[in-house]
Amino acid sequence: MDKFEKLTGVAAPLPLINVDTDMLIPKQFLKTIKRTGLGVNLFDEMRYDDDRNEIPDFVLNKPAYRNAEILVSGDNFGCGSSREHAPWALLDFGIRCVIAPSFADIFYNNCFKNGILPITLPQEQVDILMKDAEKGENARMTVDLDAQTITTSDGEVFTFDVDPFRKHCLLNGLDDIGLTLEKAAAIESFEATMQTQRPWV
């Protein structure tokens, strides 16, 4: 997966609580096992009407937020089913970071495994970032994973916590497969030894 080091981009405000995974990517789009092509259906039922026309008032349909890379939202983001398609859809749209007061556990873990940085902050700090995001495309935030800081368009800085192992994986672009491949030489050595010592296995 792509490394996440330092991101400066447009932040889209989504002031909703309990944004569940069915809102992120409705069940009818779960037939694929590909991680690409789902961005067009992110928030599908909120972005389009019954005739598949864009709903102009939805934040990601507004010109200022079509290229948003950061999403600022409400409490309990990613609740509902455990579908991994939810972070896939966010990533395919271009969202690399989600900031909220809290996340559902499975969604939170899935984000890290797919190159998305979920950041938990106190509600009062999220409120400030939400207002900053509402300024539009000229108000860019900077998320620095190494320094563990978020800088608003006005220069206000907030710090966030992140698990050191997950931080290492994001900084180096390592998903579960990547972590395994780091040990490829040791695995091959072990297999060769086992082949010699226990050829009947």
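Biologist: Which residues have the most contacts inside the largest nonpolar core?

Modeller: In this predicted model, the largest nonpolar core has 56 residues, and those with the most contacts inside it are Phe77, Leu90, Ile99 and Leu117.

Biologist: What makes these residues part of a nonpolar core?

Modeller: A nonpolar core joins buried residues of the nonpolar kinds through side-chain atoms within 4.5 Å. Phe77, Leu90, Ile99 and Leu117 belong to such a set. In soluble globular proteins, nonpolar side chains tend to be buried together.

Biologist: Which residues is Phe77 in contact with, leaving aside its neighbours within four places in sequence?

Modeller: Among them are Leu14, Val19, Leu24, Leu71, Leu90, Val98 and Phe107.

Biologist: Why is the pairing of Arg83 with Asp22 called a salt bridge?

Modeller: The closest N and O atoms of Arg83 and Asp22 are 3.0 Å apart. The cut-off is 4 Å, so the pair qualifies as a salt bridge.

Biologist: How do you know whether Arg83 and Asp22 are buried or partly exposed?

Modeller: Buried means under 20% relative accessible area. Arg83, at 16%, therefore counts as buried. Asp22, at 26%, is partly exposed, because its value lies between 20% and 50%.

Biologist: Which parts does the salt bridge of Glu54 with Arg66 tie together?

Modeller: The closest N and O atoms of Glu54 and Arg66 are 2.5 Å apart. Both residues lie in the loop between α2 (44-47) and β2, so the pair ties together parts that are 12 residues apart in sequence. Glu54 is partly exposed at 36%, and Arg66 is partly exposed at 37%.

Biologist: How do you know that the buried residues of helix α5 are on the same side?

Modeller: The buried residues of α5 (residues 123-133) are Val126, Leu129, Met130, Asp132 and Ala133. They cover an arc of only 160° around the axis, which puts them on the same side of α5. The face turned away from that buried side carries the exposed residues Glu124 and Lys131.

Biologist: What covers the buried residues of α5?

Modeller: The cover includes β1 (6-14), β2, β3 (97-100), β5 (140-144), β6 (149-151) and β7 (157-159).

Methods. Residues numbered from 1 in each chain as written. Predicted model: local features only at pLDDT ≥ 70, side-chain atom pairs only at ≥ 80, totals over all residues. Heavy atoms only, no water. Salt bridge = Lys/Arg side-chain N within 4 Å of Asp/Glu carboxyl O. Buried < 20%, exposed > 50% of the residue type's maximum accessible area, 1.4 Å probe, protein only. Helix = DSSP H or I, 4+ residues; strand = E, 2+ residues; numbered from the N terminus. Contact = heavy atoms within 4.5 Å. Arc of directions from axis to C-beta.
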